[in-house]
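Here's a quick briefing to go with the model. Have a look at it first, then run through the notes below.

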Amino acid sequence: AVVSTQSAHYGRADTYKDPQVSACTPCPVFSYTTCICVPGTYRGPNMTSCSICPSGTTSEAGAEFCICQAGHHWNGTDCSTCPLNSVSQVGALKCMECPEGSLSVNNQTSCFCSAGLYWKWEQGSGYCVSPQGPSSWHSNKYLEILQLAGLALMAVVILSLGLLLLRERRRGKKKKVPTATLR
């Protein structure tokens, strides 16, 4: 059956718009090819008829699931809130865990990242980034590591020089240097 994209041409759940009939026609039982669910309804795997989407959700024509709000995911029959420390965008079929050391915030819609980083959604995935972007964050971390390594090396050199000077000073006290006396 062909279904018009205009909402006035859709029937109720469990019906489809047959172009040869002016009214909506009930979907044939066990038919997956001739019946397309109307917007606001869905027919998931192993379902023989369309069901109305739960309150607060919607769907497109022919949908196999309803579209949940951000912070929720479709569980097959309803929208469930994402578990603690996981997040989702609108229409998610599953939630995504926040990176280690971060927490979910804003009703499970974003993760709270460590200092200097912020949460960013991109193409269905989310991650913590610096204001300069992920590549510069990695570059900045690399530079920080190099700076720390340089400071550690300087500390080792200073300590070594200090130990050498201390050793020389102790040797100097042990040796008795003859002193010239005037007569």
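Asparagine 46 is exposed because its relative accessible area is 75%, where exposed means over 50%, buried under 20% and partly exposed in between (1.4 Å probe, protein chains only). Bear in mind that this is a predicted model, where local features need pLDDT of at least 70, side-chain atom pairs count only at pLDDT 80 or more, and totals for chains, interfaces and linings use all residues. Residues are numbered from 1 along each chain as its sequence is written, and side-chain values use heavy atoms, with hydrogens and water left out.

**Positive phi in loops**

- Asparagine 46 isn't a glycine, yet it has a positive phi of about 65°.
- You'll find asparagine 46 in the loop between strand E3 (41–42) and strand E4 (51–52); strands (E, at least two residues) and helices (H or I, at least four) are DSSP runs, numbered from the N terminus.
- Asparagine 106 is another residue other than glycine with a positive phi, near 55°.
- Asparagine 106 belongs to the loop between strand E9 (103–105) and strand E10 (110–112), and it counts as exposed because its relative accessibility is 54%.

**Around serine 86**

- Serine 86 is part of strand E7 (residues 86–87), and at 4% relative accessibility it counts as buried.
- A polar atom of the serine 86 side chain lies 2.6 Å from the backbone oxygen of proline 83.
- If you skip neighbours within four places in sequence, serine 86 is in contact with Cys95, Met96, Glu97, Cys98, Ser104 and Gln108 (contact means heavy atoms within 4.5 Å).

**Salt bridge**

- Searching the whole structure turns up one salt bridge, meaning a side-chain nitrogen of Lys or Arg within 4 Å of a carboxyl oxygen of Asp or Glu.
- The partners are the side chains of lysine 120 and glutamate 122, at 3.2 Å, N to O.
- Lysine 120 is partly exposed because its relative accessibility is 29%, and glutamate 122 is partly exposed too, with a relative accessible area of 36%.

**Nonpolar patch**

- Leu153, Val157, Leu161 and Leu164 make a nonpolar surface patch of about 380 Å².
- Patches take residues with over 30% relative accessible area and no salt bridge, joining nonpolar side chains (Val, Leu, Ile, Met, Phe, Trp, Tyr) within 5 Å and like charges within 9 Å; the areas come from the Shrake-Rupley method with a 1.4 Å probe, and for residues only the protein chains shown count as cover.
- Leucine 153 lies in helix H1 (residues 134–174) and is exposed, at 56% relative accessibility.

Conventions:
A polar contact is a pair of N or O atoms within 3.5 Å; within protein, one must be able to donate a hydrogen and the other to accept it, and residues adjacent in sequence count only if both atoms are side-chain atoms.
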